[in-house]
Amino acid sequence: MTILLLAGSPSIPSRSTRLLHYTGERLAERGMRTVKLHVLDLPAQALLHADFASRDIRTAQETLASAEAVVVATPVYKAAYSGILKAFLDLLPQDGLAGKLVLPLATGGSQSHMLALDYALRPVLTALAARHVLPSVFATDAQVEWNQQQGLLLAEPIVRRIEAGVDQLTATLASLRAAREEAFAPVHFSQVRCSV
């Protein structure tokens, strides 16, 4: 099983996508296998016209369906998550996130955009039947910087929040996997005792 890193930014490179890749690296350090999906790489015509027959859209849906968890990253524009991410989520079946853990990440110009995660994105993820939506990580543009020589520079509070989110995601996945392994074992009919 894998963790899908879902980038919902309309541009690459972007702060939210860099934050997503950083999170993916932290997951890889913990032995988690990740796969990346950039919504921007999907055909715009298929997204905008809700072309469910598009091979690229079907492949993206299958990639998501096979993931055990999803880390979704988006910039926040005008108090909402990106339109390109919305277009992709609209192409998922009603239970498109059934049984999955979801860790939302977002970046925005100021802290005033932080509530977009709870009031715009979280309800959609829940409506898609996500098993559990973990606490979101929001970073302002000033907290996620790119330097040509040093690479990604994150403010310390963001590093701590990402670590906490990754810890919670991996611990919850481990618990779910253990519970599946301890699930009720089949009993042969000859071992069943009945009283009348």
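How many nonpolar, polar and charged residues does the lining of the largest pocket have? In this predicted model, that lining has 3 nonpolar, 8 polar and 2 charged residues.

**The pocket and Thr107**

The largest pocket has a volume of about 170 Å³ and is lined by 13 residues, of which Arg15, Pro75, Tyr77, Thr107 and Asp141 lie nearest its centre. Helix α1 and strands β3 and β5 each supply at least two residues of this lining, and the largest share, 3 residues, comes from β3.

Thr107 lies in strand β5, and because its relative accessibility is 3%, under the 20% cut-off, Thr107 counts as buried. When neighbours within four places in sequence are left aside, Thr107 is in contact with Arg15, Ser16, Leu19, Thr74, Pro75, Val76, Phe138, Ala139, Asp141 and Val144.

**The cavity**

The structure also holds 1 cavity of 30 Å³ or more. The lining of the largest cavity includes Leu6, Leu64, Val70 and Val72, and Leu89, Leu92, Leu97 and Leu125 belong to that lining as well. The table sets out the two spaces by volume and by the classes of their lining residues.

| Space | Volume | Lining by class |
|---|---|---|
| Largest pocket | about 170 Å³ | 3 nonpolar, 8 polar and 2 charged residues |
| Largest cavity | about 30 Å³ | 8 nonpolar, no polar and no charged residues |

In soluble globular proteins, nonpolar side chains tend to be buried together. Here the largest nonpolar core has 34 residues, and those that touch the most other members are Leu6, Leu47, Val72, Phe88, Leu89, Leu97 and Leu121. At least two residues of this core come from each of β1 (2–7), α2 (44–48), α3 (55–66), β3 (67–77), α4 (83–89), β5 (101–108) and α5 (115–127). Leu89, not counting residues up to four places away in sequence, touches Tyr81, Leu121, Val124 and Leu128. Apart from this core lies another, of 26 residues, among them Leu103, Leu105, Ile162 and Val166.

**Helix α6**

Helix α6 (residues 156–181) has 26 residues, which at 1.5 Å a residue should span 38 Å, and its end C-alpha atoms are 37 Å apart, so the two values agree. The buried residues of α6 are Ile158, Val159, Ile162, Gly165, Val166, Leu169, Thr170, Leu173 and Leu176. An α-helix has 3.6 residues a turn, so residues three or four places apart point the same way. The buried residues of α6 pack against β1, α1 (15–29), β3, β5, β7 (137–140) and β9 (151–154).

Conventions. Residues numbered from 1 in each chain as written. Predicted model: local features only at pLDDT ≥ 70, side-chain atom pairs only at ≥ 80, totals over all residues. Heavy atoms only, no water. Core = buried A, V, L, I, M, F, W, Y, C linked by side-chain atoms within 4.5 Å. Buried < 20%, exposed > 50% of the residue type's maximum accessible area, 1.4 Å probe, protein only. Helix = DSSP H or I, 4+ residues; strand = E, 2+ residues; numbered from the N terminus. Contact = heavy atoms within 4.5 Å. Expected span 1.5 Å × (residues − 1). 1 Å grid on protein atoms, 1.4 Å probe; cavity = no way out; pocket = protein on both sides within 12 Å on 5 of 7 lines; lining within 4 Å. Points joined across faces, edges and corners; volume = space filled by probe spheres on them. Nonpolar A, V, L, I, M, F, W, Y, C, P; charged D, E, K, R; others polar.
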